[in-house]
Amino acid sequence: MRNVKAAITVLILATLALAQGATRFHPGFNLFSKDQDVQLGQENAAQVRKQMTVIKDPILTEYVNRVGKRLVSAREAQDSGFPFTFEVVADPSINAFALPGGPMFINTGLLRAVDNEAQLAGVMGHEMSHVILRHGTNQASKSKLIELPAVLGSQMAGGGSMMGKLAQLGIGLGANSVLLKFSRTAESQADLMGSHLMAESGYNPIEMARFFEKLNAEGGQRAPQFLSDHPNPDNREKAIQEEITRLPQQSYGYQTGEFDRMKQAIAKIHELKPKPLPQNQGQQQ
Ligand SMILES: [Zn+2]
């Protein structure tokens, strides 16, 4: 009997030791189904494509898709089942955003600002993590707890456009959209899960922390757009560095080999700052 107890103790300790790995996150409370995340994201993505200029340059498109596919191959992205897509949009501000269910838009300004491929992978991994953890529809669910069930229920029964009905509740892409502007807790989670996606893809997650440091340093009066859309959690860089120590040893040598070619292509593009998305697309509160 004593031996059995000892064996169980050893087993429990071994399990605890294994559990010391990467921090685990799960999506929070949500009234949307995962299919509804996908539908909402795709409808909003169609709107984004009408209102912003999608860059069709084959070098840039192929490049972000190669980096994106690499990140999508990581386990947490695979397990989510979301169909991620990657497009470049003409906007000189340093930013990227991903809609529920997976459509991601990467600003030309971000491609210009990154010093290496891992930094781009860092921002993309961070955005993908917001999708995987369903932060947008989680926030929408919490903010419209009473009104949402009827809308989502009728949606399931009848189909049709979801975006219009949700815009009436203030859930859209307007300024401070609940779908795109997250809490500091959500930001911390996206940083850490993003570091997992990077590490598994062969990118050194420390480059995400370095890029955020660089944005902070450039901040001053005109903080880069990424930081105002993705508020800085406390000790952002330190938290990422600590998470890296919990990850299995990896070699971080992966590169597409196309970074310089991407930089040459982006240097040839001269874009104007786009008009903000119309407020009636989902004015908040
Ligand atoms: Zn974020």
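Okay, let's start with two helices: α10, residues 184-201, packs against α13 at an angle of about 40°, and their axes are 10 Å apart. Keep in mind that this is a predicted model. When α10 passes α13, the crossing is right-handed.

Who makes that contact? On the α10 side you'll find E187, D191, L192, S195 and H196, and on the α13 side R236, A239, I240 and E243. Sort those residues by type and you get three nonpolar, two polar and four charged.

Now follow the chain on from α13, which covers 236-246. In the loop between α13 and α14 (259-267) sits T256. So is T256 buried or exposed? T256 has a relative accessible area of 9%, and buried means under 20%, so T256 counts as buried.

What does the T256 side chain do in there? For one thing, the side chains of T256 and E117 are joined by a polar contact of 2.6 Å. For another, the T256 side chain reaches the backbone nitrogen of E258 at 3.1 Å. And if we leave out residues up to four places away in sequence, T256 touches Y63, R66, V67, E117 and Y203. Notice that E117 turns up again there.

Last stop, the strands. Have a look at β1, residues 85-89: four of its five residues are buried, so it's mostly covered. Which strand does β1 pair with? That's β3, residues 103-107; the two run parallel, with five bridges joining them.

Key: Residues are numbered from 1 along each chain as its sequence is written. This is a predicted model: local features need pLDDT of at least 70, side-chain atom pairs count only at pLDDT 80 or more; totals for chains, interfaces and linings use all residues. Side-chain values use heavy atoms; hydrogens and water are left out. Buried means under 20% relative accessible area, exposed over 50%, partly exposed in between (1.4 Å probe, protein chains only). A polar contact is a pair of N or O atoms within 3.5 Å; within protein, one must be able to donate a hydrogen and the other to accept it, and residues adjacent in sequence count only if both atoms are side-chain atoms. Contact means heavy atoms within 4.5 Å. Two strands pair if DSSP finds at least two bridges between them. Axes are lines fitted to C-alpha atoms, for helices over the stretch in contact, and angles run from 0 to 180 degrees between N-to-C directions. A crossing is left-handed if the near helix is turned anticlockwise from the far one by less than a right angle, and right-handed if clockwise. Ala, Val, Leu, Ile, Met, Phe, Trp, Tyr, Cys and Pro count as nonpolar, Asp, Glu, Lys and Arg as charged, and the others, Gly among them, as polar.
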